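This briefing is meant to be read beside the sequence and the structure. It takes up the chains one after another and then the contacts between them.

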Amino acid sequence: MRPGHPLQLALGLIVWSLWLVAVYAGLSLGCLSVRPDAGLGVGSWLNELLGLLTLLTAAWLFGCAWRLWRTPPPVLAARRFVVRVGAWVHLLAAVATLFVGLPIMALPPCL
Amino acid sequence: MLLAGCGGPQSTLAPDGPAAQAAAWLWWGMFVWFGLVLLLVASLWLVAWRRRPRSYDAEQARQVGLRWILAGGVLLPGLSILVLLAFGIPLGLRMLPLPLGGPPPLRIEVTGHQWWWEVRYPETGVVTANQLILPVGQPVDLELASADVIHAFWVPRLGGKLDMLPGRRLTMRLRADRAGPYRGQCAEFCGSQHAHMVLAVEALEMADFNAWQAARRVEPAVAREHAAAVRAFRPYCGECHRVAGISDGRRAPDLSDVGARPGLGAGTLEMEQGAMRRWLREHQRLKPYNGMPRHDRLPEDTLDAIAAWLETLVP
Amino acid sequence: MNDTRNPERLHQDFEAVWGNPRGWRALSAVNHSSIGLRFMVTGTLFFLIGGLLAMLLRVQLARPDLPLIDPRTYSQLFTMHGSVMMFLFAVPMVEGLAVYLIPKMLGARDLVFPRLSAFGYWCYLFGGVILVSSLALGLAPAGGWFMYVPLSGDAHSPGVNPDFWLLGITFVEISSVAGGIELVVSILRSRAPGMSLDRMPLFAWYILVTGLMIVFGFPPLILGSILLELERAAGFAFFDVARGGDPLLWQHLFWLFGHPEVYIIFLPAAGIVSTLLPVFARRPAVGYRWLVLAVIGTGFLSFGLWVHHMFTVGIPLLGQAFFSAASMLVAVPTGIQVFAWLATLWTGRPLFNVPMLWLAGFLVIFVAGGLTGVMLALVPFDWQVHDTHFVVAHMHYVLVGGMLFPLVAGLYYWLPHFSGRLPSAQLGRWGFWLTFVGFNATFLVMHWTGLLGMPRRVYTYQAGLGWDLPNLVSSVGSFVMAMGVVMVLLDIGLHFRFGRRAGDNPWRADSLEWATALPPASYNFVSLPACTGRHPLWENPALGRGIAEGRHGLSIVDHGRRETWGSDPLTGQVREIIHLPGNSWLPLYAALVLTLVCLSLLNGAYALAGVAALATLGILLRWSWVNGAHPLAAPDERTQPGDPPLHSRTFDGPGLWGMGTALLANGVLFFSLIFAWFYLWTVAPKWRPPAQSPLPELPLLLDGLLLTAIVLGFHRLVRRLRRGEQRRLEAGLWTLAGLGLLQAAWLARILVAMPLAPAASAHDALIATTLGYLLLHCALAPLFSALQAWRVCLGLVGERAPYEPAVVLQWWDYCLLVFWVSYFALVLFPRGIGA
């Protein structure tokens, strides 16, 4: 998507929403396929999988924020605005991904 | 003064078990910190509003704004919630029914009904209602279920609450650190008499707890003077109520040890002289819409005889 | 667009086109100022009803074991208090304010779908009256405003009480969603020339995000209500564990709506704060971009929090922790807003007046409520205080502090708009202090009541638990607060008679709504000014006079059309002239027959309900018919030299955006249904899919291929129309309509022939519901296409007016999408799982 496209104002957080749905659904499905008494502790494959997804998503979002930040300011003021705020939205989304994903490091998945 | 106001039979701030203790500490910590934050924000607002205005040009205002937003709007809440999460997650984990090193904890099945509690000790087969007796100092696993709508099990001085859902069985780990009575109450709105769904909890020393269970494994004997009451009870009340050795109803609270309980009607009446008689006559006035029919069809002296007999059901 | 003309003469000319009819015909008015005011007045009445219910609750709880109110009545009272305040007061009130203000702030003459606003108002009024009438009949719902199953299912609530809630609230929600769609499209497409996104008033940003949140937030509850009503009325199984359903499905659907709802109420109020503060601090808002970022962030984050209402249902702790963290995270955008406001105040020269008092009250109360909200987000603490009076206190701090206080500030601020007069200072101060002190006396203490262990929604409590004194204080406080509210209403009422006349722009405000006359004329602006910055009236204080003298755009009205600018969503550059429909009875009629649908469903008269539903469809189609180039709309396509064309003569217009936004809402409803399918499949304790799927795969596949072919054909027609080729348009439309009818009939046959037992298993109930949904959409598509063919035949659609087929195309595309998603979910997914 072009850096000045108005949807940049939402894109980062849309990706964040999809990520949240994916980890929550992934957790439910993962715990369904293995019973909780299978002894999945912190650092189980399920944590690793969800953690990896979190890191990839956050990295992508940081990348987008960086790309928008580095975009030469468009001539049109409205587009400049979209690029600037869009960069912040992506940054917020990236931080939100990492923060909401933090518990993956600390909790067993299925209890 | 403040601490004196924290007491009460159902107060989360008078904890007597590890789970409730942790939640209480969380409260006090957050109360102090957030109180300071509120004070800070409110005074900043007041000062900003009432101080002598100074003039800022656009660039200065932008600088002030940026500094305030970053410090107060990003850093302050960001760090606060990071610390909270770091404290909260491990505490939450410790409240879960994780496998213990030693033998598995005592299991007790608690089932919510509109509007009473069914309590079963699967290891000994003991059944009671509206009261939960625990051994002191021992972790106990409560298996929570519901027979009708959603209820929630909650004994605030021992720990947080957990819903009782139809079709599911959730496990809650509790430990009472001191012997004595506690008060629990249904915490999920479950219909008209949600207010009168109280659970009398008592933590007993292990020996007392064992004695309590043992006493309930002996069927009560019926004294001769109560024979008529039992005859009236069996076809009428016995349809819904169980009394060990006499009737087998499952729809309503088990009455085998009703005389020994601290209350009637899941916390509606305290058990005292004449309470049973009053309950049988006036229960629809005391606890409207409860599931028991009015006993208008029974002659009053029969009702009184049944009450007198029930009061003797003390194992 | 040129020399000065006589303002009086211009006013008369415009009034002739834009004015409301008088007398009982005023019911056909569609003007946004009238509709917005109606929303607000009606909302205030419902607020008083809801407040009265709260007083009754507080009386009953004043002392332990009070025998004043019967427990069943008490349940009805608190259920209705919550429902009335949330659905009939808070949301309609902020929507009404937005409906009133947004066009004026954007420099437009009306919202882009004026008849939809009128329809929304009638749906709200009638739905609200239906719901509240249940109280008078003693049949009010009693399961709590959250209507948890199984308590509100037919086994435990056999009466008609929950049906009042389900039908009445759904009816009101139609109004909310209509309002949301309309506000979104108006903000995106009808701004003043040059009002690019970065120059938009902050209030418009808040309302844009709120509108989108309504579009995404309300459909899950609408679906939930439909499913629950189907379960109660037709015996379908969705929430019953024994038949493969799950009561937690209801909780997910409810809170998917319920949490965003809180922010839907809060954000417009925060928008009021962001509008008023700069005016009273006499400087532009500090951190415009930060505020926009915070609003967008809040909008999204608020959809990731719903599970924090479900921390006690036994979800794995890790799952809870995600939502715990997300809930806490909202503190960041909220903090950004609070400190941006503080910085505005700090660097400004603030005034001391009544609206500012209310804003200060807002700040203290709302920040306190936000902080207890962060506490509640912490799972182990929530396990203790969930469903206690602590939550009641928190929620009132957030809702009353976050919505009512800014709202009153806003009402005081915009009073000159409604009356042309200024409020008094003395009575207003009394009103504020009584409300503020009463509120805190009621609810500050209530935190303590909750910590002492008092659960919510109990009709009484025993003495000796430490709850007596705090409850008494709360009850007394609530009466003090009520006096404050009465004082405010008195002040506002009296000012209509005794208030000082307000001159032009009495607060020296910056935004365009103060460039109108006070009170404004029906058309808002005689001429539509261009926008050169974020603060039009600070940049040019004389703008209002120039507008009234017709110095700006679209000041000719002799064509008899209601016109406003259609502008580019990003840059605000003018693209076309939007011509708006005038006063009409159709919205009222449509809402009346919908009321009939609602009432006959309540009474179990399903045949009548079906007839009324068809009548509704007929009225809606008639409504759509008198659009575009229709003789009753805009038969004359000529515009002034230099002006852009009418939107109906282009390929882009508000209708296209309205259809798109409506389909977004519809899509959320559909995906909630698909979510229900996957959710029950994975989580329901007794879900038992049959060994052999009842769905006939091949016929369904062929039916879908036919649908795909039709949609491709429709795309081709629209592409050719875009190139200006009208040849064979009519024939093509007729053909596609015929094929579409065939496709829908085939789908209907498949549905009827399938051996489904929706009353016996949730599996079959969901299949039946999904296919029914598909059938409804696939049946409407050929109907719309046939109407288009007819319009081509009458010359209402064609190369000169090529706009409408593209709108219908969106519907077809949507049918195609939902068909194949359903095919994947119902046919392919189970096969994959089975293998």
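Helices, at least four residues long, and strands, at least two, are runs assigned by DSSP and numbered from the N terminus. With that in mind, the span of residues 81–106 of chain A is 81% helix and 0% strand, and its end C-alpha atoms lie 39 Å apart. The model described here is predicted, and the feature names quoted below come from unreviewed UniProt entries.

**Chain A: annotated spans and a helix**

- In the UniProt record, an unreviewed entry, the annotation "transmembrane region" is placed on residues 49–69 and 81–106 of chain A.
- Residues 49–69 of chain A are 100% helix and 0% strand, with 30 Å between the end C-alpha atoms.
- Helix α3 of chain A, residues 77–101, has 25 residues that at 1.5 Å a residue should span 36 Å, and this agrees with the 36 Å found between its end C-alpha atoms.
- Because 18 of the 25 residues of α3(A) are buried, this helix is largely enclosed by the rest of the structure.

**Chain B: overall form**

- Chain B has a secondary structure of 6 helices and 14 strands, and its radius of gyration of 26 Å is well over the 20 Å that the globule rule gives for 315 residues, so chain B is more spread out than a compact globule.
- Taken along the principal axes, the box filled by the C-alpha atoms of chain B is roughly 95 × 50 × 40 Å.
- Of the 315 residues in chain B, 42% count as buried.
- Among the contacts in chain B with a separation of 6 or more, 64% are between residues 24 or more positions apart.

**Chain B: domains and annotation**

- The domain assignment divides chain B into domain 1 (11–95), domain 2 (106–208) and domain 3 (224–311).
- The centres of domain 1 and domain 3 of chain B, taken over C-alpha atoms, are separated by 54 Å.
- The unreviewed UniProt entry gives residues 103–215 of chain B the annotation "domain: Cytochrome oxidase subunit II copper A binding".
- That stretch, residues 103–215 of chain B, is 48% strand and 9% helix, and its end C-alpha atoms lie 25 Å apart.

**Chain C: annotation**

- For chain C, the unreviewed UniProt entry places "domain: Heme-copper oxidase subunit III family profile" on residues 574–831.
- Over residues 574–831 of chain C the content is 69% helix and 3% strand, and the end C-alpha atoms are 53 Å apart.

**Contacts with chain C**

- Between chains B and C, 70 residues of chain B are in contact with 67 residues of chain C.
- On the chain B side, the elements that give two or more residues are α1 (18–50), α2 (58–95) and β7 (162–164), and the largest share, 20 residues, comes from α2(B).
- The side of chain B that touches chain C is made up, by class, of 47 nonpolar, 18 polar and 5 charged residues.
- Between chains A and C, 34 residues of chain A are in contact with 26 residues of chain C.
- On the chain A side, α1 (8–33) and α3 are the elements that give two or more residues, and α1(A) supplies the largest share, 13 residues.
- The residues of chain A on this side divide into 31 nonpolar, 2 polar and 1 charged.

How values were computed
Residues numbered from 1 in each chain as written. Chains lettered and ligands numbered in written order. Predicted model: local features only at pLDDT ≥ 70, side-chain atom pairs only at ≥ 80, totals over all residues. UniProt positions renumbered as here; feature names shortened; annotations may be inferred. Contact = placed C-beta atoms within 7 Å. Nonpolar A, V, L, I, M, F, W, Y, C, P; charged D, E, K, R; others polar. Domains from an automatic or database assignment. Expected span 1.5 Å × (residues − 1). Buried ≥ 20, exposed ≤ 12 C-beta atoms within 10 Å, placed from the backbone. Rg over C-alpha atoms; globule rule 2.2 N^0.38 Å.
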